[in-house]
Amino acid sequence: MSSPVPPVPPSGPDRRLVWASDEVRVGIAEQVLPLRDRQARPATAVRAAVFVYVFTWPPAFVVFAVTTAAAPTSTNHASVATTAVWALQFATLIAVWAVVGALTSRRATAPDGADDAPPARRVLLRASGGALVTAGGAALVLALHGLSIGQLAVPAGMLVVVLHLLPVLVARLLRRRRRDRADTPDPAT
């Protein structure tokens, strides 16, 4: 009787894990990351549209309704339903602008943290552009409903104040209040 021979593993290709070179990994990352950005953009656009409707339609309706109640001749004695339609049309225009901005924004394609602290000039330009779009959108909606330039100036100006100036003032007051609290020493210590 012969003794059993241990089995010999089959010879074949080396099955060890091999890491890819840096060039190969960078090439793969360049192909995958733009795809991820393209998939994230529609979600960003939807969030922008919803945000704009939620935070634009009610203030626009209030501005148009108050303008109609305070000076009915400036809005051709518009009804509440008419002012609601104006506000809806205005919010739609601003939502379209926000969606286009979200889809074409360089910030959406920039790596995370690349655009965290924009310079003051860019903030001022962005705020001015937003105010111009707001005034232009309101003027377009009101002009299409037959209001003259003199009539649409007041509601458009009020919308700019309510949607752009008041939020900035509130944010500055809250920031100042928070800074004052941080600077005040705790009396318990």
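Leu88 is partly exposed, because its relative accessible area is 43%. The cut-offs: buried is under 20%, exposed is over 50%, partly exposed is in between, with a 1.4 Å probe and protein chains only. Areas come from the Shrake-Rupley method with a 1.4 Å probe, and for residues only the protein chains shown count as cover.

Before I go on, the ground rules. This is a predicted model, where local features need pLDDT of at least 70, side-chain atom pairs count only at pLDDT 80 or more, and totals for chains, interfaces and linings use all residues. Numbering runs from 1 along each chain as its sequence is written, and side-chain values use heavy atoms, leaving out hydrogens and water.

Back to Leu88. It sits in helix 2.

Now Leu140. This one is in helix 4. Leu140 and Gln89 are 51 residues apart in sequence, and their C-alpha atoms are 9.7 Å apart.

The overall layout, then. The chain has five helices and zero strands. From the N terminus, the order is α-α-α-α-α. Helices (H or I, at least four residues) and strands (E, at least two) are DSSP runs, numbered from the N terminus. Of the 189 residues, 19% are buried.

What about the core? The largest nonpolar core holds 21 residues. Ala60, Phe64, Trp86, Phe90, Leu142 and Leu159 have the most contacts inside it. Helix 1 (22–70), helix 2 (80–104), helix 4 (120–144) and helix 5 each give at least two residues to this core. Helix 2 gives the largest share, seven residues. A core here is a set of buried Ala, Val, Leu, Ile, Met, Phe, Trp, Tyr and Cys residues, joined through side-chain atoms within 4.5 Å.

Last, the surface. Patch residues have over 30% relative accessible area and no salt bridge; like charges are joined within 9 Å, nonpolar side chains (Val, Leu, Ile, Met, Phe, Trp, Tyr) within 5 Å. A salt bridge puts a side-chain nitrogen of Lys or Arg within 4 Å of a carboxyl oxygen of Asp or Glu.

Val46, Val50, Phe51, Val54 and Phe55 make a nonpolar patch, about 500 Å² of accessible area together. Phe55 belongs to helix 1.

Arg172, Arg175, Arg176, Arg178 and Arg179 make a positive patch. Arg178 lies in helix 5 (residues 149–183). It counts as exposed because its relative accessibility is 58%.

Note on methods: Lys and Arg count as positive and Asp and Glu as negative; His and the chain ends are not counted. The place of a charge is taken as NZ of Lys, CZ of Arg, CG of Asp or CD of Glu.
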